[in-house]
Amino acid sequence: MNIIDEFDTITAIATPVGMGGVGVIRISGDKAFEIIEKIFTNPKFEPRKFNHGWIIDPDAKPKISIHSQEASSFNKNQKQYLPLDEVIVLPFFAPNSYTGEDVIEIQCHGGVNVVKNILNLVLKNGARMAEKGEFTKRAFLNKRMDLSQAESVADIIHSKTTEFAKVSVKNLSGVLKEGVNDIRNQIFEVLSKITAGIDFPEDVKEPEYDYLINSFNNIISSIDKVLSGANTSNIFRQGASVAIVGKPNVGKSSLFNALLSLDRAIVTDIAGTTRDVLRETLDLGIPVTLIDTAGIRDEVVNEINKVEKIGIEYSKQSLEEADLVLFVYDAKQGMKEEDKEILELLKDKKYIVVANKCDTITSPPHPNPLPQGEEMHLCLSALTGEGINELKEELTKKVCDINPENLEFVTNTRQQECLRRARNSIEQALLASQLHELQDLISIDVKSAILALDELTGELITDDILNNIFDHFCIGK
Ligand code: GDP
C-alpha cells in the first residue's frame, strides 16, 4: 500500500504488549476525536489538558456498573455502558502532535488483555490498524521531522546499549539534519554563483576558479567531518563479538553466565556439555555479542561424540568471526599441552587469557612460558564472581575503546552512502575546476551533490526507500 496517499485514521498499542503499570493506545488521523467521543465518558477536550474517565463500549450490555461521577454524568439517557477500563486520555490537536495530525493517546492499565480490548474497540469505531512505523512516517510526511530524525527514532528504540541510545538522541534533536543542511547551504551558494554567471553573463561574472577550488575543498572537509563518525557509528550499531574458548570443563559456560548474570548456558561437570553455540548481548557501552562455544578438543572421533564434534567445528568458526577471544583454562590444573594447542589457534587474534577456578588455588598460576604477544592474564572465579568486574573492565578497554562523547555525528549506512555520493560529486567538481572546465559542466556535479544530500534528509526520496526505512520500525511507533 502506498501510505503517502492514505491519511485515514490509524491506531496501535504504543507500549510493549505484556504486563506493566501503564498501557498506551494511540490514535492518529481526522477521526481521532470522533472515535474517542464515542467510547470515553469525559470527552470535552482542551489543548494541553488530559482528561480522566472511563472507556466504555457503547454497543455492549454492561455486566458491571460504573459508580464514578464521570460515568454517571455520561449516562444521561439512563443507559448503562460496559466499562473496559478507567483511563487518562491525552488529546493533541493538529498540527501540534507527534504525527502532525489529530492524535489521541489513551493511558490505561498495562495488562495485555485490557489494552487489546481498548484497541479492538477503537478499531470497531472507525480506525484501522497502523503499519510498522506509520506514526513516525506520518510525522515525516507532515514535516514534523526530517528523515534523519525519523531514523533516529528507530535507533533509539532498537539501541542495544545505553550509550547508543544516548548518541542516537543527538539525531532526534536534529544534529545530523543541521550538519547536512550546513553542507547543503555551502554547496547551494556555489551553485547559485555558477548559475548566475551562466544565466546572466552580461550582468554577473562567472566565479573565479580559485574561488570554486577553495569552496569545494571546504565542502569536502565538512562532509568528511560528518563522515568521521561513520566507523564509530557502525561499531555502536553492530557491536563486537567475543568468543569464549578453551578445552571442555574449564568453566566457559560458567563464565558466559557470570558475565551476563544469567543461567542460559547449561553448566555441568561432564566434559563437553555445551554443544550449541550460545550468543547473548552484553552491554559494555557498545553491544558485545558473547559467544559460548563447545570445548575445543583435538581428537574426538568416535560416533558417540558426533554432536560434540559439530560443536568443535562451530568453535573454530566462532573464532573466525570473533573480534576478541577469551581463552579459558583451569587454574588448578595449570596450563597443559592441550590448552597451549588451543592458544596456538589464537595467534592471529586479539585475546585475553583467563585462568578460571581461582577459588580452588591459593596463589595465582604462573603458566610457563607465557604465550608470545599475550597482553593480559587474569585469574578469576566464574563460580564466586571474583575477578569478573576486572574482566569486564579489560573487555571494555579492548573492544570498545570509543568515547561516545567525541562522536559528534551518528550516521547509518544509508546516510553514509548519500554523504559519500555527495563527496564524490564534489570531488569531480573540484577536479573539473582545477582543469578550468566549462562551468555549466561543473554545475552538473554540484547539483548531483545536492540531490544526494536531499535524499539523506528525505527532501527527495522514493516510496521504496521510504517503505524500506519504516519497515524496520515496530507497530505503534
Ligand atoms: P565448560 O565445559 O568449559 O563450559 O565448563 P562449565 O562452565 O560447564 O563448568 C564445568 C564445571 O566446572 C562445572 O561443574 C562448574 O560448576 C565448575 N566451575 C566452573 N567455574 C568454576 C569456578 O570458577 N570455580 C569452581 N570451583 N568450579 C567452577
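My entries follow, starting with the ground rules.

This is a predicted model, where local features need pLDDT of at least 70, side-chain atom pairs count only at pLDDT 80 or more, and totals for chains, interfaces and linings use all residues. Residues are numbered from 1 along each chain as its sequence is written, and side-chain values use heavy atoms, with hydrogens and water left out.

**Backbone.** I looked up the peptide bond from Ala 94 to Pro 95 and found it cis, with omega near 5 degrees. Pro 95 sits in the loop between β4 (82-92) and β5 (103-110). (Strands are DSSP runs of E, at least two residues; helices are runs of H or I, at least four; numbering goes from the N terminus.)

Next I checked phi of Arg 48, which is near 60 degrees, a positive value in a residue other than glycine. Arg 48 lies in the loop between α1 (32-39) and β3 (51-57). Arg 48 is exposed, at 78% relative accessible area (buried is under 20%, exposed over 50%, partly exposed in between; 1.4 Å probe, protein chains only).

Asn 249 also has a positive phi, near 75 degrees, and is not a glycine. I placed Asn 249 in the loop between β7 (240-245) and α10 (252-260). With 34% relative accessibility, Asn 249 counts as partly exposed.

**Side chain.** Last, I went to Glu 338, which is in helix α12 (residues 337-345).
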